[in-house]
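User: I would like to go through this model and ask what stands behind each label. Please set the values against the cut-offs.

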Amino acid sequence: MNWDDLKVFLEVARTEKLSQASKRLGIDASTVSRRLHRLEDQLATQLFDRSAEGHSLTEHGQLLLQTARDMDQRAQAANDILQGKNLENQGKVRLGVTEAFGNDFIAPELVQFCQQYPQIIIDLLPLQRFVKWSHQEVDIAVTIEKPPNTSLVVAKLCDYRLSMYASDDYLARSQQINVVEDIYHHPLIGYVDDLVFSDQLSYLERLLPNSNPCFRSTSVVTQSIAVREGLGLAILPCFLARRHPDLIPVLAQQTSIVRTFWIAVHPEQKKLARVNKVWQHLKNHAAMNASVLM
């Protein structure tokens with residue numbers, strides 16, 4: 001197989017779009033398409049299902065993806081090692097995070113990191129779904145579930161607490177809440193059930209079975225805005241709510257929920273100094289701010 005054709009295959013598998021793969025590779029889309037067909041002819045199999053929405057991998061394409069990705073990672077790692085880049089604090093690190101944690105806890109701290117290591121470029125990617133590790137979307141990911149992929153280096157980053165919140169204005173004009181059952185008489189804000197990508201986000205159903213939110217969003221930041229505007233009550237991460245003095249805990253002890261963030265990386269990537277530097281910085285930041293998260 002031609003290695004250049006495999007690199008084209010990898011980019012199309014990652015982006016699922018000829019146009020995006022073409023832009024990243026710096027070649028025109030017709031050349032990308034021609035190389036894919038050539039690779040399929042050489043392997044005597046179809047690697048992609050093609051449609052108006054884009055290119056999705058076939059079963060054989062998935063098999064090739066794993067091998068091609070490993071080859072690419074090892075080639076990149078070998079190149080970095082031979083050039084000494086693995087020992088240098090410079091280059092790009094793509095960091096995948098959950099929305100609220102990335103915006104409110106990680107991003108402010110990265111300002112200091114970037115000032116300390118100006119040669120390390122951080123791509124912060126808030127993802128409202130699971131990371132596609134086979135697509136090499138990120139170098140490091142912070143996730144709400146422990147990744148099942150046994151080929152990754154995975155560690156517990158931190159625990160964090162969530163609680164029910166309402167705005168001070170809403171509480172001032174609404175019926176008093178003395179017990180959890182009283183919450184049923186108030187408008188609730190939560191996630192869109194059929195679009196929740198992880199069972200870890202199904203807080204409301206566990207706390208208030210058969211509740212019926214009046215407003216739903218896949219974004220916890222949007223939910224927090226709705227709460228601050230006085231629409232109703234929602235379960236929010238404490239690290240997010242603490243930035244807004246107008247958000248008041250409601251029955252903090254009774255509505256308390258504890259969850260865990262995990263941090264994961266490919267072992268070959270962790271050997272790179274720039275990636276490991278970001279990894280260690282996130283671990284230290286979370287450890288030093290454990291009380292804030294809880």
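Predicted model: local features only at pLDDT ≥ 70, side-chain atom pairs only at ≥ 80, totals over all residues.

User: Where does Leu-251 lie, and what is its phi?

Analyst: Leu-251 lies in the loop between β10 (247-249) and β11 (257-265). Helices (H or I, at least four residues) and strands (E, at least two) are DSSP runs, numbered from the N terminus. The phi of Leu-251 is near 50°, a positive value in a residue other than glycine. Most residues other than glycine have a negative phi.

User: What is the phi of Asn-210, and why does Asn-210 count as buried or exposed?

Analyst: Asn-210 is not a glycine, yet its phi is positive, at about 65°. Its place is the loop between α7 (203-207) and β8 (215-216). With 71% relative accessibility, Asn-210 counts as exposed.

User: What makes Gln-46 partly exposed?

Analyst: The relative accessibility of Gln-46 is 42%, so it counts as partly exposed. Gln-46 sits in the loop between α3 (29-43) and β1 (48-51). Its C-alpha atom is separated by 9.6 Å from that of Leu-36, and the two are ten residues apart along the chain.

User: How do Ile-177 and Pro-245 count, buried or exposed?

Analyst: Ile-177, at 15% relative accessibility, counts as buried, whereas Pro-245, at 74%, counts as exposed. Ile-177 is in the loop between α6 (168-173) and β7 (188-190), and Pro-245 is in the loop between α9 and β10. From C-alpha to C-alpha, Pro-245 and Gly-54 are 46 Å apart in space and 191 residues apart in sequence.

User: Why is the pair of Phe-105 and Phe-239 called tilted?

Analyst: Rings of Phe, Tyr and Trp (its six-membered ring) pair if their centres lie within 6.5 Å; planes under 30 degrees apart count as stacked, over 60 as edge-to-face and the rest as tilted. By this rule there are nine aromatic pairs. In one of them, Phe-105 and Phe-239, the centres are 6.4 Å apart and the planes make an angle of 55°, so the pair is tilted.

User: What parts does that pair tie together?

Analyst: Phe-105 belongs to helix α5 (residues 99-116) and Phe-239 to helix α9 (residues 238-241), so the pair ties together parts that are 134 residues apart in sequence. Phe-105 is buried, with a relative accessible area of 4%, and Phe-239 is buried too, at 1%. Together with Phe-101, Tyr-160 and Phe-261, these two residues form one aromatic cluster.

User: How do you know that α5 has a span close to the expected one, and where is its kink?

Analyst: The expected span of a helix is 1.5 Å times one less than its number of residues. α5 has 18 residues and reaches 24 Å from its first C-alpha to its last, close to the expected 26 Å. Its kink, about 45°, lies at Ile-106, shortly before the proline Pro-108. That bend is the angle between axes fitted to the seven residues ending at a residue and the seven starting there.

User: Why is α1 described as largely enclosed?

Analyst: Ten of the 13 residues of α1 are buried, so the helix is largely enclosed by the rest of the structure. Among them are Phe-9, Leu-10 and Arg-14. α1 reaches 19 Å, close to the 18 Å expected.

User: Which residues of the lining are the closest to the centre of the largest pocket?

Analyst: The largest pocket has a volume of about 630 Å³. Of its 20 lining residues, the closest to the centre are Arg-14, Arg-24, Gln-76, Gln-136 and Asp-139. On a 1 Å grid over the protein atoms alone, a pocket is an open set of points where a 1.4 Å probe fits, with protein on both sides within 12 Å along at least five of seven lines; lining residues have an atom within 4 Å of a point. The volume is the space filled by probe spheres set on the points, which are joined across faces, edges and corners.

Note on methods. Residues numbered from 1 in each chain as written. Heavy atoms only, no water. Buried < 20%, exposed > 50% of the residue type's maximum accessible area, 1.4 Å probe, protein only.
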